[in-house]
Amino acid sequence: MANLKEMRLRIVSVKSTQQVTRAMKMVSAAKLRKAQDAIIQIRPYAGKLHDILVNLIAQLGSADFENKYAEHKDTKRILIVAITSNRGLCGGFNSNVVKKVEELLLTNYDSYYKRGSVDILAIGKKGVDGLKAKNIQVTKTLHKLFEGLEYRSAEVVAQDLMNAFSDGEYDRIDLVYNQFKNAAVQKLVVEQFLPVEIMEKVMEDSETHHYFSDYILEPNVLEIMKTIIPKSLKIQFFKSILDSVASEHGARMTAMHKATDNASELIRDLHLQYNKARQSTITGEILEIVSGANALNG
Amino acid sequence: MYRPKYQYMFLDIITPEKKLFSGEAELVKLPGSAGYFEVLTNHSPMISTLMEGKIKVKDVHGTISYFDIVGGVVEVLNNKIAVLVDSSAID
C-alpha cells in the first residue's frame with residue numbers, strides 16, 4: 001500500500017489540476033459568449049444581402065448570367081480549406097476536421113489525391129500538426145487569421161481564394177469546419193465554397209418567398225450582381241470562420257467541464273483510499289500498544 | 001400600388017461586424033456608383049451599389065452625422081433603408 005504522505009501529495013496535485021481545468025472552463029465560457037455575439041452581429045448583414053439577392057434574381061427571372069464564380073469547369077485541381085484552431089485541449093474538435101480531410105482524400109477525391117492535384121490550406125496550427133501526423137502534405141498555412149479576428153482579414157483570405165478560382169488555379173474549393181449548433185454540439189461540415197451554388201439555393205427561395213421586384217436599379221442588375229456575389233461569398237467564408245471559433249470555445253468548455261468532473265471523481269476515490277489507509281495504520285498502532293501493555297501487565 | 005405615407009424613414013447602416021447606425025432619419029446622402037444622391041422620405045424602391053465616399057445622415061432631431069465607407073449596397077423599400085457597408089474607414 002502506498003504510504004500516506006505519497007497519497008496526500010497525489011490528492012493535492014489532482015486538486016490543483018482540477019483548479020486549472022475549472023479556470024479554463026470559465027475562460028472558454030466567456031470567450032464563447034463573445035464568439036456567439038460575433039455570429040449574431042453578422043446576421044442582419046447576411047440576411048439583408050440574401051434578401052437583395054433573392055429580389056434581384058426574381059427580377060432577372062433566371063440565374064443564367066455570366067458569373068465567374070459559378071463556372072463549372074472540368075475539375076482538375078481541388079483545394080481543401082481545413083479550419084481548425086491554434087490551441088488544443090478542446091476534445092475532438094481538431095481531430096474531427098483532420099479525420100474528415102483524410103476521409104475526403106481517400107474516398108471522394110481519391111483519384112485526384114493520387115495524382116497530387118489536391119492542395120490543402122490549413123487554418124489553425126492544430127490542424128497542421130494533425131495532418132502532418134497522418135503524413136498528409138499541407139500546401140499552405142494561415143494561423144494569423146485567428147489573432148484579433150475581424151472581417152477585413154477574413155475578407156482578404158476569401159478574396160485570395162476567389163482569385164485562385166477565377167484564375168483557374170483551382171476548379172473547386174471546399175471548406176471543412178465545425179459548424180456551431182450550441183455550446184455542447186458542433187456539427188462537422190464539408191461545404192462547397194466555389195463554384196458557388198448559392199444561386200440554385202436562392203432560386204428555390206425566390207420561388208416560394210413573396211418578393212418585391214419593382215426596384216429602380218442603379219447602375220443595372222448585372223452590375224449589382226457582380227458586386228453582391230463576391231460580398232455574399234466573403235460573408236459565407238467569414239461566417240465559417242466565426243462558426244469554427246465559437247465551436248472551438250464550446251468544445252473546449254465541454255472538454256474542460258468533463259475534465260473537472262473526472263478530477264472530482266478521482267479526488268473522491270483517492271480520499272477514500274487515503275482514509276482507509278490512515279485507519280488501518282491507526283488500528284495497527286492501537287493493537288501494538290494494547291498488546292505491549294498486556295505483555296507488561298502479564 | 002398604395003403605400004402609406006410616413007414622415008420619417010428608418011435607416012440601418014450595417015457592416016458584417018456591427019451596426020453603425022440604426023434609427024429614424026430625415027435625409028440620407030449616399031455615394032452611389034454614378035455619383036452622390038440623396039434619399040428623402042417616401043422614395044421609390046431602389047437598389048444601388050455604392051462607391052468609396054461619405055454617407056451623410058440627418059436624423060429626426062436635425063443632427064447630421066457622417067460615415068466613411070469604401071463600398072457597399074443600398075436597398076430602399078417602403079421607407080426602410082438598409083445600407084450594407086463593406087467596412088468603415090473609421091474605427
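Not counting residues up to four places away in sequence, A:Thr84 touches A:Phe93, A:Asn94, A:Val97, A:Ile123, A:Gly124, A:Lys126, A:Gly127, A:Phe146 and A:Ser244, where contact means heavy atoms within 4.5 Å. The model is a predicted one, in which local features need pLDDT of at least 70 and side-chain atom pairs count only at pLDDT 80 or more, while totals for chains, interfaces and linings use all residues. Side-chain values use heavy atoms, with hydrogens and water left out; residues are numbered from 1 along each chain as its sequence is written, and chains are lettered from A and ligands numbered from 1 in the order in which they are written.

Back to A:Thr84, then. This residue sits in the loop between strand 1 (78–83) and helix 2 (93–106) of chain A; helices (H or I, at least four residues) and strands (E, at least two) are DSSP runs, numbered from the N terminus. A:Thr84 counts as buried because its relative accessibility is 1%, the cut-offs being under 20% relative accessible area for buried, over 50% for exposed and in between for partly exposed (1.4 Å probe, protein chains only). Two backbone atoms are within reach of the A:Thr84 side chain: the oxygen of A:Gly124 at 3.4 Å and the nitrogen of A:Gly127 at 3.1 Å. The rule for such a polar contact asks for a pair of N or O atoms within 3.5 Å; within protein, one must be able to donate a hydrogen and the other to accept it, and residues adjacent in sequence count only if both atoms are side-chain atoms.

Now for the sheet. Chain A holds an open sheet of 5 strands in the order 3-2-1-4-5, with mixed pairing. Strand 3 (140–141) and strand 5 (185–194) of chain A are at the edges with a single partner strand each, so one side of each has no neighbour in the sheet. Strands of a sheet pair through backbone hydrogen bonds, either parallel or antiparallel. Two strands are taken as paired if DSSP finds at least two bridges between them. Strand 1 of chain A runs parallel to strand 2 (residues 118–123) of chain A, and 6 bridges join them. A:Ile78 has A:Val118 in strand 2 of chain A as its bridge partner.

A:Arg77 is partly exposed at 30% relative accessibility, whereas A:Asp119 is buried at 11%.

Within chain B, B:Lys58 forms a salt bridge with B:Glu26, the closest N and O atoms being 3.7 Å apart. B:Lys58 belongs to strand 5 (residues 53–59) of chain B and B:Glu26 to strand 2 (residues 19–32) of chain B, so this pair ties together parts that are 32 residues apart in sequence. B:Lys58 is partly exposed at 28%, and B:Glu26 is partly exposed at 27%.

That leaves the interface. Chain A contributes 26 residues to the contact and chain B 28 residues. The two chains bury about 2300 Å² between them, 65% of it on carbon and sulfur atoms; buried area is the accessible area (1.4 Å probe) that two parts lose on being put together, summed over both. Across the interface there are 9 residue pairs in polar contact, both at pLDDT 80 or more. Helix 1 (4–60), helix 5 (151–166), strand 6 (216–218) and helix 7 (221–297) of chain A each supply at least two residues of the side that touches chain B, and helix 1 gives the most, with 9 residues.

Strand 6 of chain A pairs with strand 4 (residues 46–50) of chain B in the parallel sense over 3 bridges, and A:Ile216 stands opposite B:Met46 in that strand of chain B. The count of salt bridges between chain A and chain B is 2. In one of them, B:Glu75 meets A:Lys48, with the closest N and O atoms 2.8 Å apart. B:Glu75 is buried at 3% relative accessible area, while A:Lys48 is partly exposed at 23%.

Conventions. Salt bridge = Lys/Arg side-chain N within 4 Å of Asp/Glu carboxyl O.
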